[in-house]
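Here is a friendly briefing to read alongside the model. Keep the sequence and the 3D view open as you go.

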Amino acid sequence: MNAEIDVKVRELTKRYKVPVREGGFRASVASLFRRQYRVVEAVTSVSFEIARGEIVGFLGPNGAGKTTTLKMLSGLLYPTSGEATVLGHVPWRREAEFLRRMTLVMGQKNQLVWDIPAMDTFLVNQAIYRIPEREFQATLDEFTSLLELEGLLQKPVRNLSLGERMKCELVAALLHKPRILFLDEPTLGLDVTMQNRIREFIREYNQRYGATVLLTSHYMADIAALCRRVIIIHNGRVMFDGELSRLVGSIAPFKVLHVALDDAVLPDRLDGMGEVISFGQGKLSLKVPKERTPEVTSRLLAELPVLDLSVEDPPIEDVIAQVFRQGVGAP
Amino acid sequence: MKPVFEALQGLWRSYKALFHLSWSEMLQYRASVFLWTLWSLAGPMIHLSVWSSIVAVEGALAGYDRGGIVAYFVVQSVVYHFTSAWQVWEFSYLIRNGTLSVRLLKPFDPSHHFVANNVAFKLINLVWLVPIWTGMYLYFRPEIPWSWERVLAFALALTWASVLMFMWTHCWSMLAFWTVRASAFFEFADALGYLVGGGIAPVALLPPALQWIARFLPHYFIAGFPIEVGIGAIDLAAVPSGMIVSSAWIAALFVVYRKLWRLGLKRFGAVGA
């Protein structure tokens, strides 16, 4: 299969020169005469490709270089070196044709004007993106229904809750139906219900319009629900690029067995079954090497008064945390 | 021809939407907008009272008797309104809080937002400024030689002055890419311009050497020149040459702005976003 590639990134690097000084008045005066700088390499030789219609999770701890990469790919930042094309355009040239076909949603940044209804911002976007009236209305109706926005668009933005505001931000960012979405923490600070709704909306948008999505999120539920593929970046470098399931398999070659017991069981009866994660009040969780899972499952069923048993992959949060701690092999 | 027409039509629609957005925002804060406007009249009125008192004691200065001084500062209040520009503060703020990044993501030069906001503010404030100016005219009875040619020349000089002030401020705004305190540099340069450009007194009252220099500086074409055209201190035949110099300043500042914009974007760190 030779899928069309929407995002091509080759050896992308971004260095910042940042002023530094010690704390205190003396250092403050000294810095007037001799400013000192430190070069920070935010992104180092990052390379990857994203095919049309893919949803890719872009993961990393704070300061890993995720947002800097997204800003370069959306044309906000010039890289120090390296190359990138998005939908065939070099992003930092900021060609109108490119800007018309992409969007960057930043969970912490608003485009809606605070004191007036979101609808006013939508109308400005309609004019700027030259969206014909009929298409604008149809898209707005569609998004209003998907995100349950009835009654919200006429309220001043300052009177909306965080979740309602984020939904309106998404509409403002997608009214022109961009082909590529860079989403930077779109569910930040939202409650679980709202996170689910936003997730569903992203999935629906991706499926309806075949849009390509590069998503950063600290909520692993977002990643697990939306992304088959993840790119992990740490200290500005790509540490892993591949299927989420492969990551789990290579980093965490074990399963977690959750067992509900009918009767009290002495701990020594668990010897040799695996690592006990938790045990008590009729519940047992075991970490078992993948290849031993069938054997341990059989033993549990045969030797213990089992009421219920489930076999699960380890939580994605734990896997990612492990990647940041110990790294993975070559991507 | 068709693509050009479509581009202009698109631009006009965007401006119309931005006007509505600006007006909606201003109407939310109508009291403060009204007070800012009222405050902008304070400077010309203070100058008027000071210089009227001086002329009453000293007699006419450089051809300006009491009637001339009154005309100068009444017209100045109109010129001030149309030549106000404030994006140097706004631009720094947009960079610091990350809003510039949001605007840069769109296929629409962020400078259009400043133009639209500037024009919208000036237009909406006419609702109360026109009655105030009329009241001032009836109260002070300034000596203004009315003719359609002069009104047209004044309107042109005022429009050019407005564009020139906008470009002057816009160039200083670009410094925000390099320093968060771009407004401090602007305020210093602008205060100097104000002193010699006809802000606190007609340029004719400056020492001759300074006067000669001042008449080539942008601030003269922002303040002194349109006022002098309006009150008849400049012969109509001399207006075109003034407009040419003013146009040259606008063109030069536009080139400087574009250069700074391009350099600034390369340096832009998209902070706050």
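Two strands count as paired when DSSP finds at least two bridges between them. Helices (H or I, at least four residues) and strands (E, at least two) are DSSP runs, numbered from the N terminus. The model is predicted, so local features need pLDDT of at least 70 and side-chain atom pairs count only at pLDDT 80 or more, while totals for chains, interfaces and linings use all residues. Residues are numbered from 1 along each chain as its sequence is written, and chains are lettered from A and ligands numbered from 1 in the order in which they are written.

**The sheet of chain A**

- Six strands of chain A form an open sheet with mixed pairing, in the order β5-β6-β7-β3-β8-β9.
- At the edges stand β5 and β9 (237-243) of chain A, each with a single partner strand, so one side of each has no neighbour in the sheet.
- From one strand to the next, the twist averages 15° (axes are lines fitted to C-alpha atoms, for helices over the stretch in contact, and angles run from 0 to 180 degrees between N-to-C directions).
- Helix α9 (residues 244-251) of chain A lies across β8 (229-234) and β9 of chain A, and runs at about 110° to β9(A).

**A closer look at the strands**

- Which way do β5(A) and β6(A) pair? They pair in the parallel sense, over five bridges, and Leu104(A) has Phe182(A) in β6(A) as its bridge partner.
- β6(A) and β7(A) also run parallel and are joined by five bridges, with Leu183(A) partnered by Leu215(A) in β7(A).
- Strand β3 (residues 55-59) of chain A runs parallel to strand β7 (residues 212-216) of chain A, joined by three bridges, and Gly57(A) stands opposite Leu215(A).
- Five of the five residues of β6 (residues 180-184) of chain A are buried (20 or more other C-beta atoms within 10 Å of a residue's own make it buried, 12 or fewer make it exposed, and anything in between partly exposed, with C-beta atoms placed from the backbone).
- In a regular strand, side chains alternate between the two faces of the sheet.
- Ile180(A), Phe182(A) and Asp184(A) point one way from β6(A), while Leu181(A) and Leu183(A) point the other way.

**Chain B**

- Chain B has 13 helices and zero strands.
- Its radius of gyration is 20 Å, close to the 19 Å that the globule rule gives for 273 residues, so chain B is as compact as a globular protein of that length (the radius is taken over C-alpha atoms, and the rule is 2.2 Å times the number of residues to the power 0.38).
- The C-alpha atoms of chain B fill a box of roughly 60 × 40 × 40 Å, taken along the principal axes.
- Buried residues make up 39% of the 273 residues in chain B.

**Where the chains meet**

- In contact across the two chains are 23 residues of chain A and 24 residues of chain B (two residues are in contact if their C-beta atoms, placed from the backbone, lie within 7 Å).
- On the side of chain A that touches chain B, α4(A) gives the most, with five residues.

**The core**

- The largest nonpolar core has 128 residues, of which Val56(A), Ala161(B) and Leu164(B) touch the most other members (such a core is a set of buried Ala, Val, Leu, Ile, Met, Phe, Trp, Tyr and Cys residues joined through C-beta atoms within 7 Å).
- Helix α9 (residues 148-173) of chain B gives the most to this core, with 14 residues.
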